[in-house]
Amino acid sequence: MKYASAALLGLFLAAAFTTADANNGKGIPGDADLRFAQLETLLPTAGTTRTASGAPGAQYWQQRADYRIKVKLDEQRHRLIASQSITYMNRSPDTLAYIWLQLDQNIFKDDSISRRSEVAANSGTRRDSVGKGDSLSFAAMRRHQAFQDREYGYEIGPVSDAAGRVLRTTVNDTMMRIDLPQPLRPGTSIEIRFDWEANIVNEAAIGARGGYEYFEDSDTYQYFVAQWFPRLVAYTDYTGWQHKQFLGRGEFTLEFGDYDIELTVPADHIVASTGELQNPEAVLTATQRERLKRAATAKSPVFIVTPEEAKANEKEGTDRTRTWRFKAQNVRDFAWASSRKYIWDAMGYRQNDAARPFVMAMSFYPNEGEPIWSKYSTHSVIHTMEVYSRLSFPYPYPVAISVNSWERGGMEYPMITFNGYRPTADEKTGKLTYSRNTKYGLIGVIIHEVGHIYFPMVVNSDERQWTWMDEGLNTFLEYIAELEWEEKFPAFGDKTNVLDAITTYMQSSDQVPIMTNSESIVQFGPNAYSKPAAALSVLREVVMGRELFDHAFREYANRWKFKRPTPADFFRTMEDASGVDLDWFWRGWFYGTDHVDVAVGDIREYQVSSQDPDVEFPLKRAEYARDWPDSYSQKLNKAEGRSTRLDRYPELKDFYNENDPFVVTNKDRNEYREFLEKLKPWEKATFERAVKAGEFVYFVDFQNVGGLVTPLPLTISYADGSSEEYLIPAEVWRYNAVEVTKLFIRDKRITSIELDRNHLIADADKTNNVTPRRIAQSRVELFRAKDSGRNQMLDALAELKTKGKSGDEGKAEEKALPLAPAQP
Ligand SMILES: [Zn+2]
């Protein structure tokens, strides 16, 4: 046996191999039993409506609501005037005495629950942590003034049924109950009719998901209109009527249905809308219709309205109107946009789907969005459909639209999305530039919002309850699509990897689990968007692998398209279709707030001992000398030239001065022979083979610092320069979730073990990921100390400037209004 400075291990310790692992006396077991417990106690009981496999059951049902609306846009008064009818079909097994409508515009009323329950921190204020006190932004004061200036919310006329009977109604904040003349039995339907009017909000001032935008330079407007009409409240098998009021953040829980909408707008407006245009001859010019036809088969986007035409069109208004009629089938909502400012481009997308081979991708934007909108918008729409369809199902609608509705951010509706990001014009020269953030923000937001047409516009999860089910799943798919747009796509600010983007949040203290109701989420963006996206990325790339994950995810999407999944349906389907028990994963990532941080601890190296004293004792001698050097004082004594008594009186020497403890005796040799003789044949064979092989045996400790149980992707490096990728599944933590020791036997020497070298598991602290530890290398900048005191005498000498000079151009940060203590 070759000896190479390693400690030696007797094969007698073989029994310890199995017990040394989890409970080696040091680590406490932690709550490993809880972390790997099944989820059944937390999930709703499965049945025939929703099965234990996560699929819609034999008794699955959902309601349906069809809408007919004639609406006029009054551009002078920024107001909608509408008459509406709804046909509501009761497909539930229940008899309904009343139905509820959602009155989302009522959120802007002065006495709405939303406005009265706003907390200061959400109203554009902040409390300076340095101790300077409270501050208030210009934007917050403008919002306050905008609410002072106009009334918002619905003015609804009498509600009647098809026979003209007026029905009793009761408004409760953003909901209205309609008492039915007779109960609506299962399998029957009712038509209700009413007229309504509502002022449109100035979105920039008030902050909403729709409204109008005013362009100061050209004194022009655009309208992007959403949550604009009273919609049926969802009635479901899991919660009855969705009775969570619209507070602003929890989005929408809606029923599918068909829409027939007539939009009467100024005659020079271009309209973008959910649905298919029914009367192009009445509202489009022959040239526009011809261009649309050409766009269907074009290889790049074709202008239907060119930038020059849009610029000319926005110059003067008109008193005439035109009515655009759109029909949409099987959608859960309807939104539209209208302006005389719009450039319009389009490009057909052919997909491999017999039911829907052709989709028209279109973009509408003002000249203020150029040049980036004509370059990137429609391409982003089609790219989204290509990637999402591959991972879920073919795009099910005839059109997919991106409208440039505001400066940043985005919002989704069936077939139509409102998206931000525009270039910046220099105040002096007018020269247009745009930042890296603007370019990738634009592509990213369009992918995100068009992606929402799949989740939740088709896979109709309950947004009012669970933000992560649409935002998280969609951010995950958006991330995949961004990586397929171009290499090094800065998908998360300056980071390309979602797992690097999430670690700071996951270490933070004020967290709630992903499984928290939409309205109660703190740190909304990371909680509902990036963390679920990171979780699904770990699931796909590490825990399940792409083949199992993609199949299961596609199964989820197809099971629940045009239906209403709950979290349990997602959790169960992903397990059911992959054969992977993921309860520990859902528990850790979705029900918990621990983060991922595993430290690679000690590594102990051995080779199997031959137990032959003539071989082993000399090795033990060397090992002893290495580990227990002579007393340092003795070394100093020697250096001082101090002689020992033994040096001076050699006659004191005896047997023990000639023989150290490692000199082999015949007794030792006899014991070795006896040991060999007592071995059973299989033990002897194992022993001889192990000694001959001379393999290296490693005990490697891992400490779970963050608490979240995780698989451990390792890079093992060897003395010969080679390396090996080795994945330890998360189940390694099932006995002890705090500390585990892993055994490796290798035929070559390990020089280092590194955890998560490829950034696959969101490990938050990389400094403890490699043994032996690595020196952190970077560069340090020298700084000069600054004197920050105010020199009033010097300031008094400054000349008075006559003209204001603008400061921090292009800074997006909110400016604070100067606040002084009120005078008594
Ligand atoms: Zn979203």
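Q: Which residue in β11 stands opposite Asp-161?
A: Ile-192 does. Keep in mind that this is a predicted model.

Q: Which strand is paired with β11 through 2 bridges, and in what sense?
A: That is strand β8, residues 160–161. The two strands run antiparallel.

Q: How many bridges join β3 to β11?
A: There are 11. Strand β3 covers residues 79–89 and β11 covers residues 189–199. They run antiparallel. Within β11, Ile-190 is the residue opposite Tyr-88.

Q: And β7, how many bridges to β11?
A: Strand β7 (residues 154–156) has 3 bridges to β11, again antiparallel. Glu-155 has Glu-197 in β11 as its bridge partner.

Q: What holds the strands of a sheet together, in general?
A: Backbone hydrogen bonds, with the strands either parallel or antiparallel.

Q: Switching to the metal. Which residues coordinate the zinc ion?
A: His-448 and His-452, each through NE2, plus Glu-471, which is listed with two OE donors. The distances are 1.9 to 2.6 Å.

Q: What is the sequence spacing of those donor residues?
A: H-x3-H-x18-E.

Q: Why is the arrangement around the zinc ion called irregular?
A: The 4 donor atoms subtend angles of 57 to 153°, so the arrangement counts as irregular. A tetrahedral call would need all angles between 85 and 135 degrees.

Q: His-448 and His-452: buried or exposed?
A: Both are buried.

Q: What about aromatics? How many pairs in the whole structure?
A: A search finds 63 aromatic pairs. One of them is Phe-476 with Phe-549, an edge-to-face pair. Their centres are 5.4 Å apart, with 70° between the planes.

Q: Which helices does that pair link?
A: Phe-476 is in helix α11 (residues 467–483) and Phe-549 is in helix α14 (residues 546–560). The two are 73 residues apart, so the pair links distant parts of the chain. Phe-476 is buried at 2% relative accessible area. Phe-549 is buried too, at 1%.

Q: Why is the Phe-553 and Tyr-556 pair called tilted?
A: The ring planes are at 50°, so the pair is tilted. The centres lie 6.2 Å apart. Both residues belong to α14, 3 residues apart, about one turn of the helix.

Q: Which charged ends sit over rings?
A: Lys-341 has its charged end over the ring of Phe-215, 4.1 Å from the centre. Arg-746 has its charged end over Tyr-726, 5.6 Å from the ring centre.

Q: Helix α9, what's its reach?
A: From first C-alpha to last, α9 (residues 372–391) reaches 28 Å. That is close to the 28 Å expected for its 20 residues. Of those, 15 are buried, so α9 is largely enclosed by the rest of the structure.

Q: Last one. What's the strand order in the open sheet of 4 strands?
A: β33-β32-β35-β36, with antiparallel pairing. The edge strands are β33 (723–728) and β36 (770–771), each pairing on one side only. Strand β32 (residues 712–718) and β33 share 6 bridges. Ile-716 stands opposite Glu-724 in β33.

Notes. Residues numbered from 1 in each chain as written. Predicted model: local features only at pLDDT ≥ 70, side-chain atom pairs only at ≥ 80, totals over all residues. Heavy atoms only, no water. Phe/Tyr/Trp six-rings, centres within 6.5 Å; stacked < 30°, edge-to-face > 60°. Buried < 20%, exposed > 50% of the residue type's maximum accessible area, 1.4 Å probe, protein only. Lys NZ or Arg CZ within 6 Å of the ring centre and 35° of its normal. Pairing = 2+ DSSP bridges. Donors = N, O, S within 2.8 Å, 3.2 Å for Na, K, Ca; no water. Tetrahedral: all angles 85-135°; square planar, octahedral: opposite > 155°, others 65-115°. Expected span 1.5 Å × (residues − 1).
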